[in-house]
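Here is a short report on a protein model. Please have the sequence and the 3D view at hand as you read.

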Amino acid sequence: MILLALGLIGFGVGDLVRWSPERNVSAARTAVAAGAGAAAVALVAALSGMAPLSVLLAAALALALLGLWLGYDLIPGADKKPELALGLVLAVVLCLVGVSGAVDPVAGDLERWYGALAFGFTRSVSVDQFLLGVGATLFILATGNRLVRYTLAATKSPADEGEIRLRGGRLLGPMERLLVAASVVAGGFAGAGFVIAAKGLLRFRELRDVDASGPKLDSITEYFLIGTFTSVLIAAVAAVLVLAAG
């Protein structure tokens with residue numbers, strides 16, 4: 001699963017560096033983010049005992065894919081085809097899952113460091129599963145936000161109006177995904193349900209204050225439901241992938 005872990009780490013680091021409170025991110029910042037993601041992939045690959053040529057190949061592929069993913073908003077007319085961005089991430093993840101057994105497990109300095117940790121979980125959690133968990137965590141933070149936004153755009157949900165009416169989504173979303181993913185990994189599915197229910201209660205007052213006499217309430221509710229279900233799905237899939245590596 002090291003290849004999948006590297007892919008999630010690349011996406012996660014790239015999107016975290018790219019993150020900005022403004023939706024429009026400059027080309028320079030995008031390039032720096034892509035370089036940071038590729039550098040993270042190269043560093044982890046090298047520490048995992050991969051051959052130098054394999055490290056360079058992984059870094060080059062990561063740079064190309066991250067440049068396309070992170071710079072997608074800069075492509076003219078890209079806002080009209082958000083499904084292409086979603087398809088890119090899905091294709092990359094599926095390909096990495098498919099070739100997950102093509103390389104050796106994590107070894108080298110990273111394996112030695114992990115084995116020397118004075119934590120009990122290292123006896124039951126392999127270094128490969130731990131690394132995949134780190135990648136999944138990074139992925140669901142910032143990359144998850146962009147996936148939710150592209151999904152809303154693909155379904156023609158009113159993202160701009162929804163963000164105005166339901167503030168804090170860019171912060172609540174990552175927190176929600178982390179809690180749901182942690183609950184699934186720990187086997188506490190009731191905890192995941194509690195998180196979703198708590199978010200619904202939190203948003204109930206804001207939804208209630210929307211003008212119920214027109215179509216605006218329906219559109220904001222659609223934005224909330226699609227965004228929430230997409231966010232939870234991302235967290236659940238990431239958690240299942242981590243569990244599958246055990």
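## Overall fold

This is a predicted model. The protein has ten helices and zero strands. From the N terminus on, the order of elements is α-α-α-α-α-α-α-α-α-α. The protein has 246 residues, and 43% of them count as buried. Take the contacts in the protein with a separation of 6 or more: 76% of them are between residues 24 or more positions apart.

Start with helix α1, residues 2-18.

Angles under 35 degrees count as roughly parallel and 65 to 115 as roughly perpendicular. α1 and α3 are therefore oblique to each other. Their crossing is right-handed. On the α1 side, the contact uses G10, F11, G14, D15 and R18. On the α3 side, L66, W69 and L70 take part. By class, the residues of this contact are four nonpolar, two polar and two charged.

Now turn to α6, which covers residues 127-154. From α1, the contact is made by I2, L4, A5, L8, I9, F11, G12, V13, D15, L16 and R18. From α6, it is made by D128, L131, L132, G135, A136, L138, F139, L141, A142, T143 and R146. The classes here are 15 nonpolar, three polar and four charged residues.

F11, D15 and R18 of α1 are named in the contact with α3. F11, D15 and R18 are also named in the contact with α6.

## Aromatic rings

How many aromatic pairs does the count come to? It comes to nine, with ring centres within 6.5 Å as the rule. Two of the pairs share F130, and the table sets them out.

| Pair | Ring centres | Angle of planes | Class |
|---|---|---|---|
| W113 and F130 | 6.2 Å | 50 degrees | tilted |
| Y114 and F130 | 5.0 Å | 40 degrees | tilted |

Why are these pairs called tilted? Planes under 30 degrees apart count as stacked and over 60 as edge-to-face, with the rest as tilted. The planes of W113 and F130 stand at 50 degrees, so that pair is tilted. The planes of Y114 and F130 stand at 40 degrees, so that pair is tilted too.

W113 lies in helix α5, residues 108-115, and F130 lies in helix α6, so their pair ties together parts that are 17 residues apart in sequence. Y114 also lies in α5, so the pair of Y114 with F130 ties together parts that are 16 residues apart in sequence.

W113 is at 44% relative accessibility, so W113 counts as partly exposed. F130 has a relative accessible area of 26%, so F130 is partly exposed. Y114 is at 4%, so Y114 counts as buried.

Elsewhere, F11, W69, Y72, F139 and Y150 form one aromatic cluster. F11 and W69 are also named in the contact of α1 with α3. F11 and F139 are named in the contact of α1 with α6.

G49 is in the loop between α2 (27-47) and α3. Residues up to four places away in sequence aside, G49 touches A107 and G108. The C-alpha atoms of G49 and L110 are 7.8 Å apart in space, while the two residues are 61 residues apart in sequence.

Q129 is in helix α6. Its relative accessible area is 13%, so Q129 is buried. Neighbours within four places in sequence aside, Q129 is in contact with V242, L243, A245 and G246.

G227 is in helix α10, residues 216-244. G227 is at 11% relative accessibility, so G227 counts as buried. Neighbours within four places aside, G227 is in contact with V148 and L152. G227 and L152 are 75 residues apart along the chain, and their C-alpha atoms are separated by 6.7 Å.

Definitions and conventions: Residues are numbered from 1 along each chain as its sequence is written. This is a predicted model: local features need pLDDT of at least 70, side-chain atom pairs count only at pLDDT 80 or more; totals for chains, interfaces and linings use all residues. Side-chain values use heavy atoms; hydrogens and water are left out. Axes are lines fitted to C-alpha atoms, for helices over the stretch in contact, and angles run from 0 to 180 degrees between N-to-C directions. Helices (H or I, at least four residues) and strands (E, at least two) are DSSP runs, numbered from the N terminus. Angles under 35 degrees count as roughly parallel, over 145 as roughly antiparallel, 65 to 115 as roughly perpendicular and the rest as oblique. A crossing is left-handed if the near helix is turned anticlockwise from the far one by less than a right angle, and right-handed if clockwise. Contact means heavy atoms within 4.5 Å. Ala, Val, Leu, Ile, Met, Phe, Trp, Tyr, Cys and Pro count as nonpolar, Asp, Glu, Lys and Arg as charged, and the others, Gly among them, as polar. Rings of Phe, Tyr and Trp (its six-membered ring) pair if their centres lie within 6.5 Å; planes under 30 degrees apart count as stacked, over 60 as edge-to-face and the rest as tilted. Buried means under 20% relative accessible area, exposed over 50%, partly exposed in between (1.4 Å probe, protein chains only).
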